[in-house]
Structures are given as C-alpha cells and as structure tokens.
Amino acid sequence: QVTLVESGGGLVQPGGSLRLSCAASGSIIRINDMAWYRQAPGKLRELVATITSGGNTNYVDFVKGRFTISRDNAKNTVYLQMNSLKPEDTAVYYCDAEILSTGATRERDYWGQGTQVTVSS
C-alpha cells in the first residue's frame, strides 16, 4: 500500500509565496518521475511541473520563473516552491508519482488527495 499526502496549501495575497510538500509512504521500492498538477474550478486538471529521479525538471510556460519543483529522495518527498503568485494560480494542487511498490511487477501512478491554494487579496 502506497499513499501520497500533500501539505502547505492555503490563502495568500497576490505576489506572495507558498511551499507545497508531498510525501510518499508505504511499501515503496523505487520512485521514478514525480509531478505537480493543478485543477481550477470548472477546468481540467493540468500539468504544472515534473522532476525525474535524477533531478531533471520541466515546467509549463505559465509557471516558468515563478515556481520551482524539487525532491528529497531520502524522504520520498517532492516540493513545489511557488513565488509571485497570481489569482489565476488558484486551484487544488495534486502531486503524482510513478512508484514501484512491493509485490508489483511494474510501476504505476499514485496521486495525492490535493491541497487548496487560493490567491486573493
């Protein structure tokens, strides 16, 4: 059994910062790529950033220069540092990880429950 738990969301004023965390736990053998997605009300879930097990990162254009994804492999945790937040960044943020767990024959995607980020004055 594997679970992902996000934390760090909340209410912040435009221009402010938040740091999201997502910790994976359970019978984990290996974690490959990890990612952050977000879903605003009435919209589809969209990719925000990805990071490989070796630390290579990719960002979608609308967060480049403002958000930073990182991970701590020893803690099975991925982070999303969000700076210069805008009202349009308001969404539920989800983490995703490709994990090989004990007893499984291949990796599969696991998702966290989501954490709300609201950017408003």
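Predicted model: local features only at pLDDT ≥ 70, side-chain atom pairs only at ≥ 80, totals over all residues.

Which backbone nitrogen does the side chain of Thr115 reach, and at what distance?

A: The side chain of Thr115 reaches the backbone nitrogen of Gly9, and the distance is 3.3 Å. Thr115 itself belongs to strand β11, which covers residues 115-119. With a relative accessibility of 12%, Thr115 counts as buried, because the cut-off for that label is under 20%. Setting aside residues up to four places away in sequence, Thr115 touches Glu6, Ser7, Gly8 and Gly9, along with Leu20, Ala91, Val92 and Tyr93.

For context, take Leu47, which is found in strand β5, residues 46-51. Leu47 has 31% relative accessibility and so counts as partly exposed. Ala35, Trp36, Tyr37, Val60 and Phe62 are in contact with Leu47, once neighbours within four places in sequence are left aside. One of them, Tyr37, is 10 residues from Leu47 in sequence, yet their C-alpha atoms are 4.4 Å apart in space.

Searching the whole structure turns up one aromatic pair. Charges also sit over rings: the charged end of Arg19 is over the ring of Tyr79, 4.1 Å from the ring's centre. Arg108, in turn, lies over the face of Tyr110, at 3.9 Å from the ring centre.

Terms used
Residues numbered from 1 in each chain as written. Heavy atoms only, no water. Phe/Tyr/Trp six-rings, centres within 6.5 Å; stacked < 30°, edge-to-face > 60°. Lys NZ or Arg CZ within 6 Å of the ring centre and 35° of its normal. Helix = DSSP H or I, 4+ residues; strand = E, 2+ residues; numbered from the N terminus. Buried < 20%, exposed > 50% of the residue type's maximum accessible area, 1.4 Å probe, protein only. Contact = heavy atoms within 4.5 Å. Polar contact = N/O pair within 3.5 Å; in protein donor to acceptor, adjacent residues only side chain to side chain.
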